[in-house]
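I opened my notebook to record what I looked up here. My entries follow in the order I made them.

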Amino acid sequence: QVQLVESGGGLVQPWGSLRLSCAASGSIFVIFGMGWYRQAPGKQRELVARITKSSSTDYADSVRGRFTISRDNAKNIVYLQMNSLKPEDTAVYYCNAWPSLVGWGQGTQVTVSS
């Protein structure tokens, strides 16, 4: 059974930092790359960062240079380090397989506000 459990969200002031974690079931980690997605109120869910099985990364233009995705293959965890956060980064953040999606986890809320 597919399991994705996100954590690490919270309330942070503009220009602050957060690190999100996603624990994924082993089968996903072996087969797929992984991605972090986000959905802001009233907007479609979007891919913000992805990492392949060989740890090649890519980012949405809106977060490039501020966010860093990484993976720990021994622990089946994918991380998203978010620096210089802006109010427009406020969203529910989800991890999922990439490029093929599997079932969604519950997500973790990130709110950037003063």
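**Entry 1: the core.** I began with the largest nonpolar core of this predicted model. It has 30 residues. Among them, W36, V78, L80, M82 and Y93 touch the most other members.

**Entry 2: the open sheet.** Next I traced an open sheet of four strands. Its order is β1-β3-β8-β7, and the pairing is antiparallel. Which are the edge strands? I noted β1 (4-7) and β7, since each pairs on one side only. Neighbouring strands of this sheet are turned by 15° against each other on average, direction ignored.

I looked at β1 and β3 again and counted four bridges between them. In this pairing, L4 stands opposite A24 in β3.

**Entry 3: two hairpins.** I moved on to β4 (residues 33-39) and β5 (residues 46-51). They run antiparallel and are joined by five bridges. Six residues sit between these strands in the hairpin, where G42 takes a positive phi near 75°.

β5 is also joined to β6 (residues 57-59), by three bridges. This pair runs antiparallel too. Their hairpin has five residues between the strands, and S55 takes a positive phi near 70° there.

**Entry 4: R50.** I stayed in β5, where R50 has its place. R50 is the bridge partner of G35, and D58 in β6 is the bridge partner of R50. Is R50 buried or exposed? I read 16% relative accessibility. Buried means under 20%, so R50 counts as buried.

A polar atom of the R50 side chain lies 3.3 Å from the backbone oxygen of S56. I also checked M34, 16 residues away along the chain: its C-alpha atom and that of R50 are separated by 5.7 Å. Leaving aside neighbours within four places in sequence, the contacts of R50 include I69 and W98.

**Entry 5: N96.** I turned to strand β9 and found N96 there. N96 counts as buried because its relative accessibility is 0%. Where does a polar atom of its side chain lie 2.8 Å from a backbone nitrogen? I found that nitrogen in V102. Beyond four places in sequence, N96 is in contact with residues including L4, G33, Y37 and W104.

**Entry 6: aromatic rings.** How many aromatic pairs does the structure hold? I noted two. Y37 and W104 form an edge-to-face pair, 5.2 Å centre to centre with 90° between the planes. Y37 lies in β4 and W104 in the loop between β9 and β10, so the pair ties together parts that are 67 residues apart in sequence. Y37 is buried, at 7% relative accessible area. W104 is partly exposed, at 35%.

The rings of Y94 and W104 have their centres 5.6 Å apart and their planes at 75°, so this pair is edge-to-face. Y94 is in strand β9, ten residues from W104. With a relative accessible area of 12%, Y94 is buried.

Technical notes: Residues numbered from 1 in each chain as written. Predicted model: local features only at pLDDT ≥ 70, side-chain atom pairs only at ≥ 80, totals over all residues. Heavy atoms only, no water. Pairing = 2+ DSSP bridges. Core = buried A, V, L, I, M, F, W, Y, C linked by side-chain atoms within 4.5 Å. Buried < 20%, exposed > 50% of the residue type's maximum accessible area, 1.4 Å probe, protein only. Polar contact = N/O pair within 3.5 Å; in protein donor to acceptor, adjacent residues only side chain to side chain. Contact = heavy atoms within 4.5 Å. Axes fitted to C-alpha atoms, helices over the stretch in contact; angles between N-to-C directions. Phe/Tyr/Trp six-rings, centres within 6.5 Å; stacked < 30°, edge-to-face > 60°.
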